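Open the model in your viewer and keep the selection panel at hand. The stops below go from the ligand to the charged pairs.

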Amino acid sequence: MSAAKIIDGKSFAADLRGRVAHVVGGLKDDPGLTPGLAVVLVGDDPASRVYVKNKGLQTVEVGMASFEHRLAADTPESDLLAVIKNLNTDATVHGILVQLPLPDHINENKVLSAINPDKDVDGFHLLNVGRLWTGGESLVPCTPYGCLMMLKNQLGDLTGKRALILGRSNIVGKPMAALLLQESCTVSIAHSRTVDLPDRCREADILVAAVGRPLMVQGDWIKPGATVIDVGINRIAAPERGAGKTRLVGDVDFASAAEVAGAITPVPGGVGPMTIACLLRNTVVAACRQAGVDQPGL
Ligand code: NDP
């Protein structure tokens with residue numbers, strides 16, 4: 001029997017999308033602004049195709065303009081940079097997202113650095129990374145921002161909480177740490193070289209798992225009552241569903257963790273849905289800043 005509150009990311013994301021749609025409606029009325037999001041996909045990775053399709057659908061659903069640029073897998077880097085250059089100066093485009101990963105022949109850092117930082121709705125441009133760590137006005141990576149929103153909704157003021165981030169990637173672990181530091185948490189970052197990892201996890205009031213290792217975090221790694229955010233998305237074999245079937249699981253063993261935690265996000269239905277909702281939120285924020293309109297309280 002689960003003791004923990006299940007944090008419903010799906011309904012949280014639906015609520016955020018509703019608020020984004022409301023703001024977009026207001027912007028269309030006054031000052032006549034339609035926020036626009038351009039997504040660039042290079043190649044035909046099936047998972048990326050699904051993400052891009054979902055992003056486009058949800059962008060339109062909240063009333064924004066959606067622009068998709070699909071380029072062949074062998075597109076030269078210079079052609080991709082030319083597409084970004086055009087989007088940077090296109091007044092109808094307020095947010096630009098280049099779907100990662102990119103094919104091996106393209107330098108990811110060079111591409112991300114080419115995006116106008118004011119339109120960098122993924123928050124991966126070095127200027128936005130620097131602003132995030134120094135407390136400036138930045139665009140913040142979507143997945144950690146979604147985690148932060150759910151944490152604040154669950155716990156209110158985060159001041160003084162001990163937070164452990166499991167994973168130190170540039171897209172999840174590090175920006176998550178920066179955001180929780182801004183909230184005055186006492187933040188630790190753990191990774192593959194961390195010693196006594198279960199003990200470190202047991203010290204945390206807030207545990208964010210972003211490792212990409214299915215079901216790694218066990219219930220007895222968790223401090224009783226802690227809030228657990230499971231970012232991991234891992235596909236594993238599910239023979240109980242039939243031969244060749246698979247299912248999605250997080251980095252946390254949900255069944256045992258839910259016995260101990262105070263609150264926990266499920267996989268699927270936790271962090272995942274929040275990521276696109278935060279992308280839409282970032283696009284509206286970027287559009288308002290570019291148009292010199294008061295920023296919405298999203
Ligand atoms: P990365 O592979 O870039 O980073 C994984 C991190 O986990 C690294 O810092 C690595 O340490 C650490 N790690 C790996 N194995 C261990 C271990 N055994 N013990 C401790 N630490 C370990 O992954 P991402 O940050 O990109 O993604 C993490 C997970 O989140 C994935 O499952 C991904 O699919 C998911 N994800 C979900 C999103 C969503 O929308 N819900 C969005 C983005 C990611 P080291 O640095 O030492 O190698």
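The tour starts with the ground rules and then moves from selection to selection.

This is a predicted model, in which local features need pLDDT of at least 70 and side-chain atom pairs count only at pLDDT 80 or more, while totals for chains, interfaces and linings use all residues. Residues are numbered from 1 along each chain as its sequence is written, and side-chain values use heavy atoms, with hydrogens and water left out.

**Stop 1: the ligand shell**

The shell holds 21 residues, of which R168, S169, S192, I233 and T275 come nearest. Sorted by class, these are nine nonpolar, 10 polar and two charged residues. Here nonpolar means Ala, Val, Leu, Ile, Met, Phe, Trp, Tyr, Cys and Pro, charged means Asp, Glu, Lys and Arg, and the others, Gly among them, are polar. Next, colour helix α10, residues 271-291: with three residues, α10 gives the most to the shell. Helices are DSSP runs of H or I with at least four residues, strands are runs of E with at least two, and both are numbered from the N terminus.

**Stop 2**

At H191, a backbone N or O atom sits 3.5 Å from a ligand nitrogen. At R213, a polar side-chain atom is 3.2 Å from a nitrogen atom of the ligand. At I233, a polar backbone atom lies 3.1 Å from a ligand oxygen. On its own the ligand has 920 Å² of accessible area, and the protein covers 70% of that (Shrake-Rupley method, 1.4 Å probe).

**Stop 3: salt bridges**

Side chains of opposite charge can pair when their charged atoms come close. A salt bridge here is a side-chain nitrogen of Lys or Arg within 4 Å of a carboxyl oxygen of Asp or Glu, and the count is nine.

Select E137 and R289, whose closest N and O atoms are 3.5 Å apart. E137 is in the loop between α5 and α6 and R289 is in helix α10, 152 residues apart. E137 counts as exposed because its relative accessibility is 53%, and R289, at 29%, counts as partly exposed. Buried is under 20% relative accessible area, exposed over 50%, and partly exposed in between (1.4 Å probe, protein chains only).

Move to E183 and K152, with closest N and O atoms 3.4 Å apart.

Finish at R200 and E203, a salt bridge of 2.7 Å, N to O.

Key. A residue is near a molecule or strand if one of its heavy atoms lies within 4 Å of it. A polar contact is a pair of N or O atoms within 3.5 Å; within protein, one must be able to donate a hydrogen and the other to accept it, and residues adjacent in sequence count only if both atoms are side-chain atoms.
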